[in-house]
Amino acid sequence: MRAFLHLALGLPSLALLCGTIIPLIHANAWWVRIFDFPRVQLAVAMAIVLVGYAGLRCWTPFRWWEYAPPALLAAGLVWQVAAILPYTMLYPRQVADSREDDASSRISLLISNVLYDNRDVPALLELIRETNPDVILLTEPTTWWQEQLADLEHEYPHTILQGQDNEYGMLLYSRLELIDPEVRFLVESEVPSIRTRLRLRSGEVVGLYGLHPRPPGLLRPEKDEREDSDVRDAELLLVAKEVAQLDGLPVIVAGDFNDVAWSRSTHLFQRIGGMLDPRVGRGLYNTYNANRLLLRYPLDHVFVSDHFRLVELRRLRHIGSDHFPMLAVLDYDPTAAAEQDEPQADGDDHEEADEAIEEVR
């Protein structure tokens with residue numbers, strides 16, 4: 001019985017440690033990168049197994065070598081918690097709270113992956129009426145979705161409409177004036193992104209990028225293989241490098257990144273672009289999968305340059321998609337940059353980003 005219990009705890013310990021070590025491999029293979037996602041789940045499972053080891057230790061003494069598995073598991077748990085900790089209220093906030101009452105420099109942004117075969121348009125429209133955002137960014141809309149949302153254009157006269165029937169359409173509706181809006185295909189001819197500038201009510205101009213790259217692990221029937229993370233990472237890094245060269249223009253980058261907030265690639269994107277994450281110091285704000293309570297990850301993001309403070313960040317209710325919508329309300333504040341430390345890239349970061357982009361090209 002004693003040997004059986006050690007084995008019953010040892011096998012899941014080995015699996016959990018492998019799940020912790022694999023994402024440390026510097027590779028873009030899909031089977032490596034998917035282990036970036038379940039850090040919270042792995043941490044909870046590790047804690048449960050450690051409780052099992054504690055119970056076993058109370059029942060029978062351990063030989064010295066029998067302490068090795070729980071010790072390694074505890075080290076793995078510390079590693080996972082360290083990665084998750086910034087996305088809790090125990091950590092300093094990366095984007096400061098707003099101190100402004102002037103709404104003329106404020107922008108409210110609703111982002112939502114609507115799910116291409118979802119048909120609950122009324123739920124989305126009701127949410128838009130309740131939140132009353134200045135800008136709406138939708139990912140995965142088909143041409144059917146674009147047709148169903150045509151009436152939005154009366155209230156949101158400035159638009160970028162790229163409905164597509166391949167799960168990568170994008171629609172942007174804005175009350176604020178759009179300057180030089182464009183749809184771009186940065187890496188793949190079927191996967192669009194949005195770039196525009198917005199004129200705030202105060203007259204200030206800010207940049208806005210909308211992204212929805214392919215996720216790793218997705219089966220590509222035309223290739224009969226699963227998607228690695230190289231295409232996703234290259235698109236994120238191309239935008240990050242462009243943002244870094246905008247010479248002080250306030251910038252917002254938003255959308256479904258198909259990447260978690262704590263991954264190596266997301267952190268590299270932040271350092272290259274000097275982008276701040278409003279999640280840091282506030283919470284996980286898991287947006288996917290809305291239909292599976294135990295398998296949820298922060299995939300939908302709003303990153304900002306250091307010109308912004310945060311008024312509100314909220315995950316919204318379920319509206320029929322497999323993603324929860326997100327609402328971010330931001331204040332443009334020229335004084336914020338002096339108080340907020342943007343992530344800094346070093347030479348190795350730039351070299352890694354250049355290699356990732358060149359590999360896809």
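Is L90 buried or exposed? Select L90: its relative accessible area is 72%, so L90 is exposed. (Buried means under 20% relative accessible area, exposed over 50%, partly exposed in between, with a 1.4 Å probe and protein chains only.)

A word on the model. It is predicted: local features need pLDDT of at least 70, side-chain atom pairs count only at pLDDT 80 or more, and totals for chains, interfaces and linings use all residues. Residues are numbered from 1 along each chain as its sequence is written, and side-chain values use heavy atoms, without hydrogens and water.

Stay with L90. It sits in the loop between α4 (68-84) and β1 (106-113). (Helices are DSSP runs of H or I, at least four residues; strands are runs of E, at least two; both are numbered from the N terminus.)

Next, select α4. Its 17 residues should span 24 Å at 1.5 Å a residue, and its end C-alpha atoms are 25 Å apart, which agrees. (The expected span is 1.5 Å times one less than the number of residues.)

Now colour P70, L73, G76, L77, Q80, A83 and I84, the buried residues of α4. They cover an arc of only 135° around the axis, so they lie on the same side of α4. (The arc is that of the directions from the helix axis to the C-beta atoms.) Turn to the other side of α4: L72 and V78 are exposed there.

What do the buried residues of α4 pack against? Show α1 (2-21) and α3 (39-59). (Contact means heavy atoms within 4.5 Å.)

Last stop: A47, in helix α3. A47 is partly exposed, at 32% relative accessible area. A47 and L77 are 30 residues apart in sequence, but 7.2 Å apart in space, C-alpha to C-alpha.
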